[in-house]
Amino acid sequence: MSGNGNDAASPSGWDAVQDSAYRDVQCESCHGPGLDHVEGVGAGNITDRPFAKISAEGEGTCADCHSGVHHPFVEQWSQSKHATASSRQNTASCAGCHGSRGALARWGEQSDYVEKNTSDLLPVASCATCHDPHGSPYEHQLRLSITSPDPQQHLCMSCHLRKAEPEIGSSRANQPHGVQAAVLLGFAGWRPPNFVYDTARIYGSHATTANPKLCAGCHVNRFEVTDQQGGFVFQSTGHQFEAVPCVDGEGVPNGETECAFTTTARNWSACTNSGCHNVPGDPAASQAIAANLYNSARLTLKNLADILWTDSNGNQTVDDFPTDGGYLPRIKVNAPGDLNPSDNNLTAADGAEFNVRVCGVSHDGHQDGSYGAHNKFLCEALLSSTASYLRSIYGFLPAPPAAVQAYWDKWSKPVATGGPAQPLIKRESFPIMDQ
């Protein structure tokens, strides 16, 4: 491929800008012959479409090159939730995160991509939503940073941090939305008056110097699958955005999401790559450690959340006791005015409902969803302190099982621990949470 495109009197392409990102890909690779573009300005034969076909077999999209077993970016993206069109992209308050067109507009993109001039429902994020094909100051031509702990400057967090604390005066005031970043950084949830915590852990967990790429450190994990003889089978690009993707018998991610959390059903290399959960020289043992930690955290959070609210019928609505179990259904019966998200009074019961929806297992459609992986220390502290506080103000609530009481006691006093990994950001440096 010529680095100069059509005849050029002065150096151009690779000769002018010797950046490795442009060694094999020039303007013509996507937009077609430059001479046609020059002669066709205003004719609509080039500029009205975002990409030109590279060959007769090509579709004129990123998939023409970024696909196949060695670089299956598009195939894996198509299996992700980002590839699913959402009707919310036509709602003004939702469009900025629930559609490619809205996200590009929110970031001030001016280029004439296909997302810009169509009324069709589009994927939540296409290639050109997160990557700028014309270049950017960030690695992989990303539109925003993936290392900044400031959600307004972080590619993933700019959407995955919408409502991290309960509000008042709305039927959905006690329900979180896009809370993952706030959980990861340690700022999510309602704090009861007795809330105490280990700052080094709660403002850290996976958002520490041990995981500088934050969301992408786990959710965009690249790994190679080989056969028993060490021969190449598949190169996973991590563009399903699953931290522990389900895999088939060969170990290739298969696009499923409901498989068991075992070392045979999922790939756990994202958890072991940082060196935090590994046995040197033993990948199988390392993945077993990660899987055991995950399943232990998931069970602990379920037990703590169920004390507050056991959603017995699975309708994600707090029903009167005994239809549902736990403290909140009892409060709804004995003090019904205290569990009312629509009024202008944020009660302890309202805060407790928000916390269990954030950290519980299958209690809400917009929960954190990591079951402790993002920040088990924060969720343990929130659920324990919240339940303990509710029992201190509502005399009709029963005592918890001994195992749960032990967790309450664990969080009833400050904990002084530390480690080599330091939090990337403190709450006082996080003004978005105070707006």
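Throughout this report, a residue is called buried when its relative accessible area is under 20%, exposed when that area is over 50%, and partly exposed in between (1.4 Å probe, protein chains only). By that scale C94, at 23% relative accessibility, counts as partly exposed.

**About the model**

Welcome to a predicted model, in which local features need pLDDT of at least 70 and side-chain atom pairs count only at pLDDT 80 or more, while totals for chains, interfaces and linings use all residues. Residues are numbered from 1 along each chain as its sequence is written, and side-chain values use heavy atoms, with hydrogens and water left out.

**The overall picture**

The protein has 15 helices and 2 strands; these are DSSP runs, numbered from the N terminus, with helices (H or I) of at least four residues and strands (E) of at least two. Of its 435 residues, 43% count as buried. The accessible surface of the protein comes to about 21,500 Å², and 52% of this belongs to carbon and sulfur atoms. Such areas come from the Shrake-Rupley method with a 1.4 Å probe, and for residues only the protein chains shown count as cover. A contact means heavy atoms within 4.5 Å. Among contacts between residues at least 6 apart in sequence, 56% join residues at least 24 apart.

**The disulfides**

A disulfide is a covalent bond between the sulfur atoms of two cysteines. Here the term is applied to a pair of cysteine sulfur atoms within 2.5 Å. How many disulfides does a search of the whole structure find? There are 3, listed here.

| Pair | S to S distance | Torsion about the S-S bond |
|---|---|---|
| C97 and C159 | 2.3 Å | about -100 degrees |
| C246 and C259 | 2.0 Å | -95 degrees |
| C359 and C379 | 2.1 Å | about -70 degrees |

With its torsion of about -100 degrees, the disulfide of C97 and C159 is left-handed. This pair links distant parts of the chain, 62 residues apart: C97 sits in helix α4 (residues 95-98), and C159 in the loop between α6 (127-130) and α7 (180-185). Both of these cysteines are buried.

The link of C246 and C259 is left-handed. Both C246 and C259 lie in the loop between β2 (232-236) and α10 (269-272), so the pair ties together parts that are 13 residues apart in sequence. C246 is buried at 1% relative accessibility, and C259 is buried at 15%.

The disulfide of C359 and C379 is left-handed. It joins helix α13 (residues 348-359), which holds C359, to helix α14 (residues 376-393), which holds C379, across 20 residues. C359 and C379 are buried.

If the bonded cysteines are numbered in sequence order, the pairing reads 1-2, 3-4, 5-6. C94 is in no disulfide, and its nearest cysteine sulfur, that of C97, is 9.0 Å away. C65 is partly exposed, at 47% relative accessibility.

**Two helices that pack**

Two packed helices are described by the angle between their axes and the distance between the axes. Helix α11 (residues 283-308) packs against helix α15 (residues 402-410) at an angle of about 95 degrees, with the axes 10 Å apart. The axes are lines fitted to C-alpha atoms over the stretch in contact, and angles run from 0 to 180 degrees between N-to-C directions. Helix α11 is therefore roughly perpendicular to α15, a label for angles of 65 to 115 degrees (under 35 is roughly parallel, over 145 roughly antiparallel, the rest oblique).

Which residues make the contact? From α11 come T300, N303, L304 and I307, and from α15 come V404, Y407 and W408. They divide into 5 nonpolar, 2 polar and no charged. Here Ala, Val, Leu, Ile, Met, Phe, Trp, Tyr, Cys and Pro count as nonpolar, Asp, Glu, Lys and Arg as charged, and the others, Gly among them, as polar.
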